[in-house]
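Welcome! Please take a look at the sequence and the structure below, and then we can walk through them together.

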Amino acid sequence: MRAIATTGRREQGAAIKLAIEAARDLGIEYVERRRRSIEELAREFGADEIIVAKKNSLRLVTIDENNSEREIFFHPSTAHLRIKMMRAGATDRMIEAMNLTAGMRILDCTLGLGSDAIVSSYVSRCEVTAVEINPLLAYVIERGLRTFDGDNQRVLEAMRRVKVIAADYIDVLRAESDNAFDVVYFDPMFRHALERSCAVNVIRLAADHRRVTTEAIAEACRVARHRVVLKENARSLEFDRLGFKNFVGGRYSPIKYGVLTVD
């Protein structure tokens, strides 16, 4: 896949500087927009992924085989809603599956848009290490986590505590010492996006579609002190294949969390 960086159609000054900076950091080419459409740029430069700088934010535009564009950008709305519901007394199934409490350290092997990492950081009040194999997606989300501004200080603090690593999670797991984290978490849900989940459908082109391997689970059990958690479709056969016997999830929920207790 080929990637380039550019700006919005009419962006100047700060956006150009941001696009050039992103191109340098990612080792990709910066291209002047010159009012060309994303489709024109993709065709001219043979690009499948385009980093677009707009004012003080970055977006990742992916191009599918039908030349359809999908735009990914950071926004904590989903995490903010989940946190708001927890503060009102609701149960968050992911937090329940992790058995997460303040002081615990989490390795999130599938960063995606960052919602799970933010919620984990909010509850644990500790740094969350989040891994993303797509370097462009990791860059866009990491910058959003670092620069997004708002009026909820505790949510902002949770975002700032998320440490993003652009890497393959199996390499990260292999390199970690025994019992390095309390919880290791996997969310490979992008392989089977639910039609009604707009955020998941948008990110699918940029996401990691591989199945979680038995080696990854074995390494996760070595690295985790407390639990390994896998999010999957409620009817998925992956739980059986990977040895998960205990589950958390609503009776009618389309997803479940498989839990391996290792302590």
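In which sense do strand 11 and strand 12 pair, and over how many bridges? Strand 11 (residues 246-248) pairs with strand 12 in the antiparallel sense, over three bridges. Please keep in mind that this is a predicted model.

## The whole protein

Let us step back for a moment. The protein has 11 helices and 12 strands. Its radius of gyration is 19 Å, close to the 18 Å that the globule rule gives for 263 residues, so the protein is as compact as a globular protein of that length. Along the principal axes, the C-alpha atoms fill a box of roughly 55 × 40 × 40 Å. Of the 263 residues, 52% are buried. If you take the contacts between residues at least 6 apart in sequence, 67% of them join residues at least 24 apart.

Strand 1 (residues 3-7) is joined to strand 3 (residues 49-54) by five bridges in the parallel sense. Here you can find isoleucine 4 standing opposite isoleucine 50 of strand 3.

## Aspartate 92 in its loop

Follow the chain to the loop between helix 3 (77-87) and helix 4 (93-98), where you will find aspartate 92. Is aspartate 92 buried or exposed? Its relative accessible area is 11%, under the 20% cut-off, so aspartate 92 counts as buried. Its side chain makes a polar contact of 2.9 Å with the side chain of arginine 82. A polar atom of the aspartate 92 side chain also lies 3.2 Å from the backbone nitrogen of methionine 94. Leaving out residues up to four places away in sequence, aspartate 92 touches Arg82, Met86 and Val119.

## Helix 5, an enclosed helix

Val119 belongs to the buried residues of helix 5, as do Ser115, Tyr122 and others. In helix 5 (residues 115-124), 10 of the 10 residues are buried, so this helix is largely enclosed by the rest of the structure. Arginine 125 follows helix 5 and has a positive phi, near 60°.

Apart from neighbours within four places in sequence, alanine 117 is in contact with Asp108, Leu111, Val128, Ala130 and Val162. Between alanine 117 and leucine 107, which are 10 residues apart in sequence, the C-alpha to C-alpha distance is 8.8 Å.

## Helix 10 and its two sides

Which residues of helix 10 are buried? In helix 10 (residues 214-223), they are Ala216, Ile217, Glu219, Ala220 and Val223. Viewed down the helix axis, these buried residues fall within an arc of 165°, so they line one face of helix 10. Thr214 and Ala218, on the other side of helix 10, are exposed.

What do the buried residues of helix 10 pack against? Their partners are helix 8 (169-175), strand 9 (181-186), strand 10 (224-233), helix 11 (238-242) and strand 12 (255-261).

## Back to strand 12

That brings us back to where we began. Strand 12 is mostly covered, with five of its seven residues buried. Two of its pairings are set out here.

| Strand paired with strand 12 | Sense | Bridges | Residues opposite each other |
|---|---|---|---|
| Strand 10 | antiparallel | seven bridges | valine 228 and leucine 260 |

Terms used:
Residues are numbered from 1 along each chain as its sequence is written. This is a predicted model: local features need pLDDT of at least 70, side-chain atom pairs count only at pLDDT 80 or more; totals for chains, interfaces and linings use all residues. Side-chain values use heavy atoms; hydrogens and water are left out. Buried means under 20% relative accessible area, exposed over 50%, partly exposed in between (1.4 Å probe, protein chains only). Helices (H or I, at least four residues) and strands (E, at least two) are DSSP runs, numbered from the N terminus. The arc is that of the directions from the helix axis to the C-beta atoms. Contact means heavy atoms within 4.5 Å. Two strands pair if DSSP finds at least two bridges between them. A polar contact is a pair of N or O atoms within 3.5 Å; within protein, one must be able to donate a hydrogen and the other to accept it, and residues adjacent in sequence count only if both atoms are side-chain atoms. The radius of gyration is taken over C-alpha atoms; the globule rule is 2.2 Å times the number of residues to the power 0.38.
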